[in-house]
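Please read this short report with the structure open beside you. It starts with strands and then turns to single residues.

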Amino acid sequence: MASGHGVATPASTVSVANATVTAVTGSCIFYGYTGTSASNTKTVTVYDNTSAAGKVILHVSHATGGVDNIHISGGIKCDNGVHVVLAGSGTHSGTVFFSQ
């Protein structure tokens, strides 16, 4: 297990902070997401894609000061990649867990 996240190794990580990002390009297994919102409410939408279109694989709303630690046992197979869209104002930081 990866330290503190409940994700079976081998897992890779990509940090996301205050921006929309393509975390993975190409086929992968998405294992989950950890994130915090230091100020204001944030929404996080994760797509099986390299853009904000297609199949939504995760949608989370962070309350102000909220922390989310989402582990998907066995993961979700993504055919196209993992694209993370952050919406809302304020400070956000998070990590996406995956393997390719």
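In which sense do E2 and strand E7 pair, and over how many bridges? The pairing is antiparallel, and E2 and E7 (residues 81-87) share 4 bridges. Keep in mind that this model is predicted.

E2 and E7 belong to an open sheet of 4 strands. The order is E2-E7-E4-E5, and the pairing is antiparallel. Strand E2 and strand E5 form the edges, so to speak: each pairs on one side only. Between neighbouring strands of this sheet, the average turn is 15 degrees, with direction ignored.

| Strand | Residues |
|---|---|
| E2 | 21-25 |
| E5 | 56-62 |
| E7 | 81-87 |

**Ser 12**

Now move to another strand. Ser 12 sits in strand E1, which covers residues 12-16.

What does Ser 12 touch, leaving out residues up to four places away in sequence? Its contacts are Val 96, Phe 97 and Phe 98. Ser 93 gives a distance to check. In sequence, Ser 12 and Ser 93 are 81 residues apart. In space, they are 17 Å apart, C-alpha to C-alpha.

**A salt bridge**

The structure holds 1 salt bridge. Asp 79 and Lys 77 form a salt bridge. Their closest N and O atoms are 2.6 Å apart.

Notes
Residues are numbered from 1 along each chain as its sequence is written. This is a predicted model: local features need pLDDT of at least 70, side-chain atom pairs count only at pLDDT 80 or more; totals for chains, interfaces and linings use all residues. Side-chain values use heavy atoms; hydrogens and water are left out. Helices (H or I, at least four residues) and strands (E, at least two) are DSSP runs, numbered from the N terminus. Contact means heavy atoms within 4.5 Å. A salt bridge is a side-chain nitrogen of Lys or Arg within 4 Å of a carboxyl oxygen of Asp or Glu. Two strands pair if DSSP finds at least two bridges between them. Axes are lines fitted to C-alpha atoms, for helices over the stretch in contact, and angles run from 0 to 180 degrees between N-to-C directions.
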